[in-house]
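Please keep the model in view while going through the numbered points.

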Amino acid sequence: MAGYHVSPVIFRTLDIMNLQRLAPPENLSRMNNLRIGDRPLWFRPFTIVKVGEQNFGSGLVKDDTLAEKKRELYQAVEGINRGIFGLPSAKKFEIESLVQQLESQNPTPEPTLELDKVAGCWRLVYSTITILGSKRTKLGLRDFISLDEFFQTIDIAKSKAVNVVEFSAKGLSLLSGQLSIEASFKIASATRVDINFASSTITPDQLMHVFRKNYNLLLGIFNPEGWLEITYVDDTMRIGRDNKGNIFVLEKIEDRSRNPQG
């Protein structure tokens, strides 16, 4: 009977019928005259109910909560250039608190078993990687060169990832180009992948001339080699943490036709 609710009215009727069979004849007329709702003091009908979760809309509530936290995170990272040149401590705390809240509600707890959610093209919206002080000066990232978008394309069929960092160089004419870093990955656990650097290129050649002297410095900043823990992923957002202590927040986008890796 665990799945049913038994009405007190039914219990009352059944109880009277049973008492009629058991009670002495002189009491039958009194019991037959009992009305529904009357009860002797010694009679206590009870109700059997199924005990279960009552929050039938809990899935919708969780989805609404995730959507709201994602909106808050996107708002928090607006206008900060992904945090690449540093942030005030209060802003950093705000962003990373939201990151932790999303991680605690990760809808994909074993992401490497659902790599279709990881595959495709992603745009970086926040990272704790920073280029500060002398590094920024050496790379010309104060006035001469601007950092544009950061993209990552993951091909799960080839176990390959391509990171693209776009630049604009100011001079007699505006020069645009990109640093592309290709890496392979393999599954290390239900949440982690190991990443191995494969190759890197800067295009066009004019941009390579700009970075040639400090190319190793540039590559050292963006080289993904190590491991990456995927701490949150859904259809539109992915969060990860690497072995260097960095946090990455990315949003899913349509594949970019201008990506040279296709």
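1. At 25% relative accessibility, does Lys 91 count as buried or partly exposed? The model is a predicted one. Buried means under 20% relative accessible area and exposed means over 50%, with partly exposed in between. Lys 91, at 25% relative accessibility, therefore counts as partly exposed.

2. Lys 91 forms a salt bridge with Glu 94, and their closest N and O atoms are 3.3 Å apart. Glu 94 has a relative accessibility of 36%, so Glu 94 counts as partly exposed. Both residues belong to helix 4 (residues 89–103), where they are three residues apart, about one turn of the helix. An α-helix has 3.6 residues a turn, so residues three or four places apart point the same way.

3. A further pair is formed by Glu 114 and Lys 117, whose side chains meet in a salt bridge of 3.7 Å from N to O. Glu 114 is partly exposed because its relative accessibility is 31%. Lys 117 is partly exposed because its relative accessibility is 23%. Side chains of opposite charge can pair when their charged atoms come close.

4. Through salt bridges that share partners, Arg 82, Arg 123, Glu 149 and Glu 251 are joined into one network. The count of salt bridges comes to 11.

5. Which residues of helix 7 are buried? In helix 7 (residues 215–222), the buried residues are Tyr 215, Leu 218, Leu 219, Ile 221 and Phe 222. Seen down the axis of helix 7, these buried residues fall within an arc of 155 degrees, so they line one face of the helix. Asn 216 and Gly 220, on the other side of helix 7, are exposed.

6. What covers the buried residues of helix 7? The cover includes helix 6 (205–211) together with strand 2 (145–155), strand 3 (160–169), strand 4 (175–187) and strand 5 (192–203).

Technical notes:
Residues are numbered from 1 along each chain as its sequence is written. This is a predicted model: local features need pLDDT of at least 70, side-chain atom pairs count only at pLDDT 80 or more; totals for chains, interfaces and linings use all residues. Side-chain values use heavy atoms; hydrogens and water are left out. Buried means under 20% relative accessible area, exposed over 50%, partly exposed in between (1.4 Å probe, protein chains only). Helices (H or I, at least four residues) and strands (E, at least two) are DSSP runs, numbered from the N terminus. The arc is that of the directions from the helix axis to the C-beta atoms. Contact means heavy atoms within 4.5 Å. A salt bridge is a side-chain nitrogen of Lys or Arg within 4 Å of a carboxyl oxygen of Asp or Glu.
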